[in-house]
Amino acid sequence: MDNDIEEILFDQASIHEAAHRLGQQITKEYTDSRPIVLSVLKGAYLWTADLLREVELQVELEFIKISSYHGGVESTNEISLVTDIHSNVKNRDVIILEDIVDTGQSLQFMKELLQERGANSIKVATLLDKKEGRKVDIKADYVGFDVRNEFVVGYGLDYKELYRNLPYVGILKPQIYEQ
Ligand code: PRP
Ligand code: MN
Ligand code: MG
């Protein structure tokens with residue numbers, strides 16, 4: 001699997017530092033709240049585990065599963081809600097956890113959903129922010145790293161459902177896409 005990687009962009013140690021930094025920030029800003037942490041499957045599974053262990057607060061963990069890339073490298077612009085949450089978000093503070101914000105369409109979809117359901121506040125903590133990829137005007141509140149406009153895999157992020165279990169974020173060798 002490592003043989004398919006052209007370059008490592010963020011290794012385990014730097015991801016851990018980012019989780020610690022954002023975890024401290026969130027801990028400070030939500031002292032009087034008991035936020036719902038909404039982890040976006042599948043991509044955010046490792047980020048959720050690492051970030052939440054750096055948050056020293058009572059939180060409720062929920063998972064939502066949406067899909068827009070359907071395993072490929074391009075957003076399909078069509079977002080499907082695969083698995084919804086069951087808890088009530090009305091008047092609650094929600095923190096969405098994402099592995100990456102790219103076009104912003106997934107995030108927009110979820111924010112609208114949570115707003116319609118009456119969430120009190122909605123913030124977003126993402127490991128990676130690909131600002132150049134935006135197609136909608138939306139910002140993440142907590143960002144681990146800005147990432148350049150290249151397709152990245154690892155640490156939750158997939159190409160055709162593979163590479164999610166790499167412990168780092170990297171770029172695939174071009175020949176992998178050409179196969
Ligand atoms: C990826 C990623 C984010 C979203 C970001 O998920 O994990 O959730 O796309 O892209 P956007 O800002 O352009 O909407 P994907 O749809 O690939 O599903 P997955 O998490 O199951 O891989
Ligand atoms: Mn995702
Ligand atoms: Mg994906």
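Biologist: What should I know before I dig in?
Modeller: Residues count from 1 along each chain as its sequence is written, while chains are lettered from A and ligands numbered from 1 in the order in which they are written. As this is a predicted model, local features need pLDDT of at least 70, side-chain atom pairs count only at pLDDT 80 or more, and totals for chains, interfaces and linings use all residues.

Biologist: What is the mean pLDDT of the chain?
Modeller: The mean is 95, and 98% of the residues reach 70 or more; pLDDT is the predictor's confidence in each residue, from 0 to 100.

Biologist: Nice. In what order do the strands of the sheet come?
Modeller: The open sheet has six strands in the order 4-3-2-5-6-7, with mixed pairing. Strands are DSSP E runs of at least two residues, helices are H or I runs of at least four, both numbered from the N terminus, and two strands pair if DSSP finds at least two bridges between them.

Biologist: And which strands are at the edges?
Modeller: Strand 4 (80–83) and strand 7 (142–146), each pairing on one side only.

Biologist: How many bridges join strand 2 to strand 3?
Modeller: Six, and the two strands run parallel. I36 stands opposite E60 in strand 3.

Biologist: New topic: where is I138?
Modeller: I138 is in the loop between strand 6 and strand 7.
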